[in-house]
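The exercises below are to be worked with the sequence and the 3D structure at hand. Try each task before reading its solution.

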Amino acid sequence: MKGMAEGKLKQFMERRDFLNWFLGTTAGAFVLSVLYPLSRYLTPPPVAESTARSVTLSLKPQEVKANSGQIFRFGSQPALLVNTPAGELKAFSAVCTHLACIVQYRSDLSEIWCACHNGHFDLNGKNIAGPPPKPLEEYAVNVRGDQIVVSKKV
Amino acid sequence: MRATSSKFFWVGLVGVLLLAVPAMGQQKVDNCLACHQSLTDARLSAPTKLFSEDIHAVKGFGCVSCHGGDASDPEMSAMNPAKGYIGKPTGTKIVDVCGRCHSDARFMRQYNPSLRVDQVTEYYSSVHGRRLREQKDSKVATCANCHKPHSIKPPSDPRSSVHPLHVADTCGSCHANAEYMAPYKIPTNQLENYKKSVHWRIMSNKGDLSAPTCNDCHGNHGAAPPGISWVGNVCGQCHVVNTELFSKSRHSQVFVQMGIPGCATCHDNHQILETSDELIGTGDKAVCIRCHVADDRGGKSATAMRAMIDSLRQEYDKANAILLKASHAGMEVSQAEFDLNEAKTALVKSRAAIHAFSVVTLKKEIDPGLQGSAKAFAGGRKALEELGFRRKWLAVSAIIILALVIGLVLKIRQMESAQKGDEKKGA
């Protein structure tokens, strides 16, 4: 009778140890499963966050020479920052309205030009020669201190 | 003082009346319109109904400006040749009547300073004008065949017969009429073919009025078919890059020697269909096999160029598909999509570079495209791997949470049973 009671107690103690071990392990794993995504969230991603409406360029205004252009990423699409010969900063979608090639700035013409089919746009983004049927979308450019912020026009 | 001011009043009144008399005289009744409007013969009355919206009526011109005669005379004597009446002009008379004003730069400047005044000169250089003058051919088009008399509107007016959307039908009213054109022994399927073309589709469906219609290639007043050696100049007005590459290629000179037109040999003239990659190579729809066979030098080059274009298109499509999949799954792939734009540009440039008919030239455009596609594909694959990782570990953490809940339930039960055991022992 005593032996039976001891056996039950031993079984109970083993079960309690296993349960404690099980609880400890799952609680530890739970803490890890919370901490890992938290640490991933706090670590900056390799690619800068993109918003569809506004982007702050890594360029300083003084780094963009007059009569030059610079391609930058606006969301997932290329855009073109132009410093006109008159020293005015302008930005346009760099996607040609003809067949979606990437346009570029031609300092010899002071025009935006598409190499694919020789499309020309003036410095207001208007299609002035070649096959593009529509003007380029123009973005608003704001200089805040040392930063150039380009955003979609409302 | 009062008598002086009264005198000024009467002098002023007489002056105003004297000035008003000639003005009243100018607002004469146009007896041509008044009489023709009431005629029962539709042939004679219809023009009066149309004329009020004619650009000439809007600018203040009346019937006599073209037909002569005297609009102030309500009798039949208004149509006396002695009063300059010429009736309905025909043939060269029509050109003379229109040209009387439209060739006079000083006169036209009053109404439209930007309007050209060389239409008559151009017209007599056209096939229409030459046949009219030299062969007295009365069937050829004159001004009034394209600019509908009595309802002439500027080309920018959508109701005008020479508005870009209506030019093809205006030309086709003669050129698509097989019976009318029979004596000239030229095809009459141009309108039918043009309406199957990509140019017409862009103009009519997309509403792009800059797409070419008849007069953009043939000229309007100086209408003539472009010569074989300079058809490229016509297409090159818009397709500059393709024309430049073609003119530097070997085909350019060979085509002239063979007496076949540059662009039209592969793309047709009126039925210019939307191009596809199938046009190049030696397949069923390829245009190269019209002159080459698969085994000659040109055929081999065509096969190689087609393979290059196909490989870039496939790589681009593959990258685009994986990015779409990642994007739809909620992954951030904007950098990879940005990289794919370079591949898209390279693909479009490659299709234009075909016109150089050189494997070396084409390769220069293909290679950056393949690199861009590979970069974008790698970005897409990385995003999908990350998605897989997140899904896998979400399942693992769900199992962990479930196990934790089960463990807690068991622990609570165990604690309760231990408590009951202690209570029994105490009792």
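**Exercise 1: a loop residue in chain A**

A:Asn67 counts as partly exposed, at 25% relative accessibility. In this predicted model, find where A:Asn67 is placed and state what its phi angle is near.

Solution.
- Step 1. Partly exposed covers the range between the buried limit, under 20%, and the exposed limit, over 50%; the 25% of A:Asn67 is therefore classed as partly exposed.
- Step 2. The residue sits in the loop that joins β1 (54–56) to β2 (68–74) of chain A.
- Step 3. Phi of A:Asn67 is near 60 degrees, which is a positive value in a residue other than glycine.

**Exercise 2: a loop residue in chain B**

Decide whether B:Lys136 is buried or exposed, and locate the loop that holds B:Lys136.

Solution.
- Step 1. The relative accessible area of B:Lys136 is 66%. Exposed means over 50%, so B:Lys136 is exposed.
- Step 2. B:Lys136 is placed in the loop between α9 (127–135) and α10 (143–146) of chain B.
- Step 3. Its phi is near 50 degrees, again a positive value in a residue other than glycine.

**Exercise 3: a helix residue and its contacts**

Which residues does B:Val241 contact, leaving aside its neighbours within four places in sequence?

Solution.
- Step 1. Start from helix α17 (residues 240–248) of chain B, where B:Val241 is found.
- Step 2. With a relative accessible area of 18%, B:Val241 is buried.
- Step 3. From chain A, the contacts of B:Val241 include A:Ala115, A:Cys116, A:His117 and A:Asn118. B:Ala352 is also in contact with B:Val241.
- Step 4. For a distance along chain B, take B:Asn341, 100 residues from B:Val241 in sequence: their C-alpha atoms are separated by 20 Å.

**Exercise 4: the form of chain A**

Describe the secondary structure of chain A, and explain why chain A is more spread out than a compact globule.

Solution.
- Step 1. Chain A has one helix and ten strands, in the order α-β-β-β-β-β-β-β-β-β-β from the N terminus.
- Step 2. Its radius of gyration is 31 Å, whereas the globule rule gives 15 Å for 154 residues; the value is well over the rule, so chain A is more spread out than a compact globule.
- Step 3. Along the principal axes, the C-alpha atoms fill a box of roughly 105 × 35 × 25 Å.
- Step 4. The domain assignment gives domain 1 (1–45) and domain 2 (54–152), and the C-alpha centres of these two domains of chain A are separated by 61 Å.
- Step 5. Of the 154 residues in chain A, 35% are buried.

Technical notes. Residues numbered from 1 in each chain as written. Chains lettered and ligands numbered in written order. Predicted model: local features only at pLDDT ≥ 70, side-chain atom pairs only at ≥ 80, totals over all residues. Heavy atoms only, no water. Helix = DSSP H or I, 4+ residues; strand = E, 2+ residues; numbered from the N terminus. Rg over C-alpha atoms; globule rule 2.2 N^0.38 Å. Buried < 20%, exposed > 50% of the residue type's maximum accessible area, 1.4 Å probe, protein only. Domains from an automatic or database assignment. Contact = heavy atoms within 4.5 Å.
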